[in-house]
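Here is a short report on one protein model. Look at the sequence and the structure first, then read on.

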Amino acid sequence: MGVTSSRPTWLLVASLVVAFAGWRIFDGQAAVRIPLLALGVAGLLVAAGWRLRAWRRAEGEERAIAAVFAFGTLGCLVGVACFVPVTEGGVELLNLDFELVAERLRLQRFFFAVAPIVLSCSLLPVLGAQWAAGKGGSEGALRVDALRARETSAAALSLGLAGAALMLVGYVTTALDRTADFSYFKTSRPGEAVREIVMSLEGPLEAAFFFPPVNAVKDEALEYFRKLARATNRVAVEEYDRFVDLEAAADYGARRDGSIFLRVAGRTEQVRLPLELDDGRSELRVLDSRVQRALLLLVRERRYAYLTTGHGEFNDPLGADPAEDPANQWMRDLRRGTERSTQPPARLEVLRNLLTTVNYEAREFGIAQGLGHRIPNDAAMVMIIGPQTPFLEEEMNTIREYLGRGGSLLVALEPESGFRFEELGDLGIEYDEAMTLDDANFVPERLTIADRRNIFTNRFSAHAAVTTASRRGVATAVLMIGPGRLTPAEDVEDLRATLIVNSMPTSFQDRNGDFRFNRETEVRGSHGIAAAVEGVAGESADEDDGPPGLRALVYADAEMFSGRVLRSLALQREVVVDGIRWLGREEEFAGEVVSEEDVAIHHTRSENVIWFYAIIFGAPALVLGAGLSMLYGRRRRPRFASAS
């Protein structure tokens, strides 16, 4: 039947190929290009005339099939014609005159987008109908089923329209110059702390970039600083090529690419980044903290936090419990006299990194370093984290004298230790070492009743030492592992004690150590687990020129400062950093530090066992159960006798 002949379709495809070769492949060779274009257009005209003639002669269902071929071929001819204004020769051929070059470019872009859309939406239905025609019709009907041909061509048209939509979406997104990153990698955005530091600077911040002209790492870092500029209106971003802008490179001292120089009032700090994106992903994830560190160096010199040692603290090598400490092998080798590094175990490694982030340097401070004599004047704060044995009287006198001259102290206590908190003097806080548990709000770890000591809470006060946590409200929580209880003392002169973190109302103090709530001896309620103490004299220090009032943070749990807790919970780190800022009298810089860094997921041995058996036995059991249910349902399905 002439309607379904494939020869016009092959002529159509061959003509399009010849026309494309003349337009694109032999563009610079006029002797070949013009004949190919003429031959291709002639073939298209012949194919279109062939299909129109067949359509006019067809009748019935044949006419419906012939219409698909005829109008599809005409559409291909129109699509090729739309390419004419795209070329310079086509504009001259059509005798089009434009006053502005932009108008001509706009017209050419329009036809450059329309031509492939018309061509694909015309050619694909023709090819679909031709494929259906080659398969033949159903038994007892025409050799070609008109319904199947129309449905196949409609499906092919849908495919062409989908491709056109994708092309237009791609064009629109390119024109709007917006990007959306759906991958895991993401550069950190400017956090609240960095924005506050920039707003407090004595002058505008200058950010000078020394990167190659085209660099993916530079683009990511530029986006960070542009967001910071929009948020503060106090950041000027400049891009330089150190091989071209020699004066700028000499001014900033740029000796390598991948450098960002931050300058305020003549003071300059540098942030270095790798040039390759694969190498720089980890740095870009924590760019906010690196910028914060550099800005703090511009605001002030590095300060020092003294961590006491020699009393079984978390940073004391001889004070760790080999049965529980993650560095137990290190401890055994040290006690045996094996040659090992004398650095303390990495139990407080994350805390040290947090101190470095906010421009503090952690220093060990024991009796050999002068703890029994005097705390240095350059001490921004003293930290006592998890002491297990009592301090000497000379050491206590040194700490009390330091607080008397307006020092800052952080104390993190552990239940059932030999350290006596009351020996520090009257800080306006009473400490009860009975462990606080919660049988409703706890984190399962070993899947035993002892997990009730892993309590979490989202009850924070509005104190500056927990600024970030209080702003987040009930959305997130911090973890405390078996804390004691803190209570503000009454009638303490010149001191103001405030509970800044409280446990949930379902918690209770375990008086008999059975990890269960006993109605006769224990009471449920919200217990204080962190407190801030401030000398009232500090409010009038500017008036009488006396020393500033003391500041102290007391935590009823020391495990909250361990690496395993700080690594897992972002809010935990922010609570610690806010406390450090408050102790350092820099609470105006408090706020969120944004990080997109990977957070390690730690599984206990019990959790790993559960997941192992769930995968090995649980998954096959689900598949088997689904198969049996389908088989059972099929057997119960009623069977009907066939009609005779």
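## Helix H13

Which residues are buried in helix H13 (residues 349–357)? They are Val 350, Leu 351, Leu 354, Leu 355 and Thr 357. Buried means under 20% relative accessible area, exposed over 50%, and partly exposed in between (1.4 Å probe, protein chains only). Helices (H or I, at least four residues) and strands (E, at least two) are DSSP runs, numbered from the N terminus.

After H13 comes Asn 359, with a positive phi near 70 degrees.

## About the model

This model is predicted: local features need pLDDT of at least 70, side-chain atom pairs count only at pLDDT 80 or more, and totals for chains, interfaces and linings use all residues. Residues are numbered from 1 along each chain as its sequence is written, and side-chain values use heavy atoms, leaving out hydrogens and water.

## Nonpolar cores

The largest nonpolar core has 98 residues. Such a core is a set of buried Ala, Val, Leu, Ile, Met, Phe, Trp, Tyr and Cys residues joined through side-chain atoms within 4.5 Å. Leu 351 is among the residues with the most contacts inside it, along with Leu 262, Ile 385, Leu 409 and Phe 561. A second, separate core has 15 residues, including Cys 76 and Leu 123.

Leu 351 of H13 touches Met 383, Ile 385, Phe 561, Leu 566, Val 576 and Ile 580, not counting residues up to four places away in sequence. Contact means heavy atoms within 4.5 Å.

## Salt bridges

Side chains of opposite charge can pair when their charged atoms come close. A salt bridge is a side-chain nitrogen of Lys or Arg within 4 Å of a carboxyl oxygen of Asp or Glu. The count comes to 22 salt bridges.

Arg 242 and Asp 257 form one of them, at 3.0 Å from N to O. The two are 15 residues apart. Arg 242 is partly exposed, at 22% relative accessible area, whereas Asp 257 counts as buried, at 13%.

Another joins Arg 303 and Glu 586, with the closest N and O atoms 3.5 Å apart. This pair links distant parts of the chain, 283 residues apart. Arg 303 sits in strand E5 and is partly exposed, at 25%. Glu 586 is buried, at 7%.
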